[in-house]
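Subject: Structure handover

Hi,

Here is the structure I promised to pass on. Please open it first, then read my notes below.

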Amino acid sequence: MELEFTAEQEELRDGVRAMLTRECPMSFVRGIVEGDADADGLWKQMCELGWPALTISEAHGGLGRGAVELAVVVEELGRVVAPGPFVPTLTQFVPAVRAVGSAEQQARFLAPVAEGALTGALALSEGAHGIDLARVTTTATRTAGHWTLAGRKTGVLGADLADELVVVARVDGVAGDDGVGAFVVPANDVVVESWAAMDATRGLATVLLDDVAIDTDRALGEPGPATASALRDALDEAVVALALESVGTSQTIFDVTLEYAKQREQFGVPIGSFQAIKHKLADMLVALERARATGYFAALAISEGDERGRAASSTAKIAAADCQRLLAKEGIQIHGGIGYTWEHDMHLFVRRVKTDAQLLGTEAEHKARLASLLLD
C-alpha cells in the first residue's frame, strides 16, 4: 500500500485549492448563509473543470479516478466550507449507483453526472435507525410494471438540490438484509421538507415517500443480501468522504486559531507565547494529523479493495469526530468572546464539522459498528 501522494494527486490538490480560493471566499459563503447568493455559479465552475466526472468510469464519460482523488477534492471543499451538490452527488449518490446498478443503469444515471447535467443524493437514514441497513423500515412493494415506495427519510444531505435520489428501502414484510434494495427516485416525485439546519451553507431535509410509484428499471439490482452488502461498500466511501471533509474544515479552524494566537496580545505579548496556549495548539495539531492519516488510509484501503476498508471507514469517522470536538472547542475558546460572534467566521466552520459528525452515523454508531467488525 503506497501511502504517499503521487505527483498527479498533488497537482489535483493544488488546482482544486486555487479554484476554491478564487471562487469560494468566505464572503461568498456568508452570502449563501444570509440568502444573498446561491451555489449555482460555483457548481457550474466545478462542472466546467470536470470535477463531477472524477470517480465515474471512462466508459460513462468520467475520469475513472478512485477514492483517494475524491478524498483530496473533498478535503479542500471542507477547508472553505463550500456549498453545493458536489458532496451528496459524488460521495453518496454516485457510489450507490456504481455499487448496485447494472451497466445500463450506471450509463443512464452516471453519464449525466459526469457531464454536470444531473445531481443526486442518498436517502438512507431514518433517525434512530442510523446507517443500519438491516433496520430500514421504508417499504418497497412490487406490483405489475413498477415499485411503490412508502416511508420517511431524515437528514438527507443535498435533497434540496438533487435531481435524483437513491432511496434505500426493503421489500414489504421481509426482515434483516433480506429484501434490502436501492431505488432511484426523481426528486420531483417526493416531498422534500427542508430543515433549518445548523450548517446553513447547504441543505438538509426530510424526504417523504407517500406511495411513490417508479418503474421497475429504477430498482438498482435485485433486493436482498447482495444488494445490502454492495450498499455497505458504497456507504464506506461516503463515510470516509464526510470524515475528510470534516478534516479539511478542522484544518481551517486550526489555521485561523493559530494566526489569531500569533496576533492577539495580552500583557504586551502574543497569547501564542503562553505555554497553556502552545499546549492547546499542539493537542489540536496531533488530533488533526491523526484524523487526516486515518481518513486517507481508509480511502486508500477502499480504492485498493483492501479487506480492512470497512473497519477503516468507521475508524476514520471516529477520528474525525474526536478531532472536530477538540478543535471546535479550543478554536472558540482561544478566540475568546469574539469566537462566539456572528461577525467572526469561526461559527461557520464549527457548524460544518458539528453537522458532519452527525451525518451517516454518529461517533457512537461507528464505534459499535467497529466493535462488531472486530469481533466477527
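A residue counts as buried when its relative accessible area is under 20%. Keep in mind that this is a predicted model.

Start with the aromatic rings. Trp 51 and Phe 86 are both buried. They form an aromatic pair, with 6.5 Å centre to centre and 85° between the planes. Planes over 60 degrees apart count as edge-to-face, so this pair is edge-to-face. Trp 51 sits in the loop between α3 (40–48) and α4 (67–79), while Phe 86 belongs to helix α5 (residues 86–100). The pair therefore ties together parts that are 35 residues apart in sequence. The count of aromatic pairs comes to three.

Now the helices. Two packed helices are described by the angle between their axes and the distance between the axes.

Take α7 (residues 225–263) and α9 first. Their axes are 8 Å apart, at an angle of about 25°. That makes α7 roughly parallel to α9. Their contact has 12 nonpolar, eight polar and five charged residues. The crossing of α7 and α9 is left-handed.

Next, α9 (residues 309–335) and α10 (residues 346–358). Their axes come within 10 Å and cross at roughly 155°. α9 and α10 are therefore roughly antiparallel. This crossing, too, is left-handed. On the α9 side, the residues in contact include Lys 317, Arg 325 and Ile 332. On the α10 side, they include Met 346, Val 350 and Asp 356. By class, this contact has six nonpolar, four polar and four charged residues.

Best wishes

Technical notes
Residues are numbered from 1 along each chain as its sequence is written. This is a predicted model: local features need pLDDT of at least 70, side-chain atom pairs count only at pLDDT 80 or more; totals for chains, interfaces and linings use all residues. Side-chain values use heavy atoms; hydrogens and water are left out. Axes are lines fitted to C-alpha atoms, for helices over the stretch in contact, and angles run from 0 to 180 degrees between N-to-C directions. Helices (H or I, at least four residues) and strands (E, at least two) are DSSP runs, numbered from the N terminus. Angles under 35 degrees count as roughly parallel, over 145 as roughly antiparallel, 65 to 115 as roughly perpendicular and the rest as oblique. A crossing is left-handed if the near helix is turned anticlockwise from the far one by less than a right angle, and right-handed if clockwise. Contact means heavy atoms within 4.5 Å. Ala, Val, Leu, Ile, Met, Phe, Trp, Tyr, Cys and Pro count as nonpolar, Asp, Glu, Lys and Arg as charged, and the others, Gly among them, as polar. Rings of Phe, Tyr and Trp (its six-membered ring) pair if their centres lie within 6.5 Å; planes under 30 degrees apart count as stacked, over 60 as edge-to-face and the rest as tilted. Buried means under 20% relative accessible area, exposed over 50%, partly exposed in between (1.4 Å probe, protein chains only).
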